[in-house]
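Biologist: Before we start, please show me the model, and then let us go through how to read its features one by one.

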Amino acid sequence: MTIFGVALLALCTLIGVFLGDLLGVALGVKANVGGVGLAMILLIAARSWLLARGKLGGGIKLGVEFWSTMYIPIVVAMAAQQNVVAAVRGGPIVLIAATVSLLLCFACVALLGRFGRREPGEAAQVRHGGDVIGGDPAPAQPRPAEKV
Amino acid sequence: MLHMIEHVFVEQSLVAAFAVVGALMLVSNGASRWLTAGRVHGSAIAIVLGLGLAYVAGLYTGGQKGIADLPVFAGIGLMGGAMLRDFAIVATAFEVDVVEARRAGLLGVLALALGTVIPFIVGALTAVAFGYTDAVSITTIGAGAVTYIVGPVTGAALGADSAVMALSIATGVTKAVMVMVGTPLVAKLIGLDNPRSAMAFGGLMGTVSGVAGGLAATDPKLVPYGALTATFHTGIGCLVGPSLFYLTVRAIVG
């Protein structure tokens with residue numbers, strides 16, 4: 001059933017965010033430390049677990065994948081509620097600090113991305129993920145067997 | 001009549017948001033196909049349009065939440081708010097290639113460290129260049145360059161002046177907006193076309209909204225990898241900002 005997928009996603013998110021809060025308290029930080037990242041790892045683990053037991057049904061997949069196809073529209077809605085006026089009015093100090101750190105970080109991406117880079121041979125899963133998140137999933141493709 | 005339509009929009013806020021964003025995506029995909037011959041992603045155009053609408057709405061309402069400050073578009077605030085944003089980001093993990101993500105794990109950690117230190121140093125130096133001399137203000141502005149959440153959290157912890165806090169938040173927001181718009185433009189140049197570099201990108205850029213928007217506009221398949229590292233960024237920044245960074249700055253400026 002589809003709701004099982006949505007519920008699984010919700011459960012992973014709740015547990016992940018809770019763990020992130022705990023981690024924040026443990027470190028004495030007034031913020032959630034990596035809650036969403038932990039939730040992602042939980043979901044990846046849950047998927048491997050279900051897959052290994054042959055319980056990853058179409059309904060569960062639909063429930064989770066629907067939300068990844070909604071990712072881009074949600075990001076557009078997020079963009080529409082940014083405080084752009086503050087960004088534009090920030091003045092030179094804001095502009096300089098933001099631009100210079102951005103340029104340096106872009107340069108670092110170029111540098112780091114080069115380490116241990118292998119030539120294409122792109123995994124089918126990566127491409128399938130792109131189709132789903134792009135909001136245009138191809139009809140049920142057989143997934144290559146995974147080792148986790 | 002108009003009043004009744006408005007009433008429906010207010011009452012059905014989230015449903016109305018789905019319709020509005022759908023229309024925005026439709027227009028953007030059309031513009032992508034007919035105006036740019038598919039060279040610019042429809043999602044990139046939609047994000048820029050969204051930012052543009054947020055600017056116009058911000059000028060009109062004087063609020064901080066862009067178009068979501070208009071009662072008829074309040075649903076956009078829910079749809080694009082932190083709750084559903086995080087929910088959708090977690091969902092993208094379902095598409096992650098585990099082998100690929102594991103291989104880039106160490107790279108992600110390195111990127112996170114650099115992505116916290118570099119913006120902080122740049123922000124702090126800029127603050128010094130503009131005449132700030134006290135450690136609290138310098139640290140707060142530097143932290144704002146990490147992300148717009150790290151800035152105010154650090155500032156609040158150190159008891160920074162509210163004008164400095166505003167400056168710090170504005171720096172972070174500006175960075176997020178620039179990442180959203182700039183990433184598709186530089187993607188090719190910096191080799192951002194595979195899961196590895198997406199993980200480095202997420203760690204370096206930090207700002208979840210910037211990374212989420214930037215990667216969506218560049219190539220959807222990279223989204224989960226970038227998000228995986230980016231979500232640790234704010235937490236780490238909030239950890240070292242008021243502690244390690246502040247102590248270091250205080251030791252230097254006295």
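Biologist: Which domains does the domain assignment give for chain B?

Modeller: This is a predicted model. The assignment gives domain 1 (2–80) and domain 2 (98–253) in chain B. The C-alpha centres of domain 1 of chain B and domain 2 of chain B are 27 Å apart. Six residues from domain 1 of chain B and seven residues from domain 2 of chain B make up the contact. On the side of domain 1 of chain B that touches domain 2 of chain B, there are four nonpolar residues, two polar and no charged.

Biologist: How many residues of chain B are in contact with chain A?

Modeller: The size of an interface is often given as the accessible area lost when the parts come together. Here I use residue counts: 94 residues of chain B are in contact with 78 residues of chain A. Helix α10 (residues 162–186) of chain B gives the most to that side of chain B, with twelve residues. By class, the side of chain B that touches chain A holds 63 nonpolar, 21 polar and ten charged residues.

Biologist: What is in the largest nonpolar core?

Modeller: In soluble globular proteins, nonpolar side chains tend to be buried together. In this model the largest nonpolar core has 132 residues, and B:I47 and B:V90 have the most contacts inside it. Helix α13 (residues 223–253) of chain B supplies the largest share, 13 residues. Domain 1 (2–80) and domain 2 (98–253) of chain B each contribute at least three residues to this core.

Biologist: Which residues is B:V90 in contact with, leaving aside its neighbours within four places in sequence?

Modeller: With those neighbours left aside, B:V90 is in contact with A:L9, A:C12, A:T13, A:G16, A:V36, A:A39, A:M40 and A:L43.

Notes:
Residues are numbered from 1 along each chain as its sequence is written. Chains are lettered from A and ligands numbered from 1 in the order in which they are written. This is a predicted model: local features need pLDDT of at least 70, side-chain atom pairs count only at pLDDT 80 or more; totals for chains, interfaces and linings use all residues. Two residues are in contact if their C-beta atoms, placed from the backbone, lie within 7 Å. Helices (H or I, at least four residues) and strands (E, at least two) are DSSP runs, numbered from the N terminus. Ala, Val, Leu, Ile, Met, Phe, Trp, Tyr, Cys and Pro count as nonpolar, Asp, Glu, Lys and Arg as charged, and the others, Gly among them, as polar. Domain bounds come from an automatic or database domain assignment. A nonpolar core is a set of buried Ala, Val, Leu, Ile, Met, Phe, Trp, Tyr and Cys residues joined through C-beta atoms within 7 Å. A residue is buried if 20 or more other C-beta atoms lie within 10 Å of its own, exposed if 12 or fewer, and partly exposed in between; C-beta atoms are placed from the backbone.
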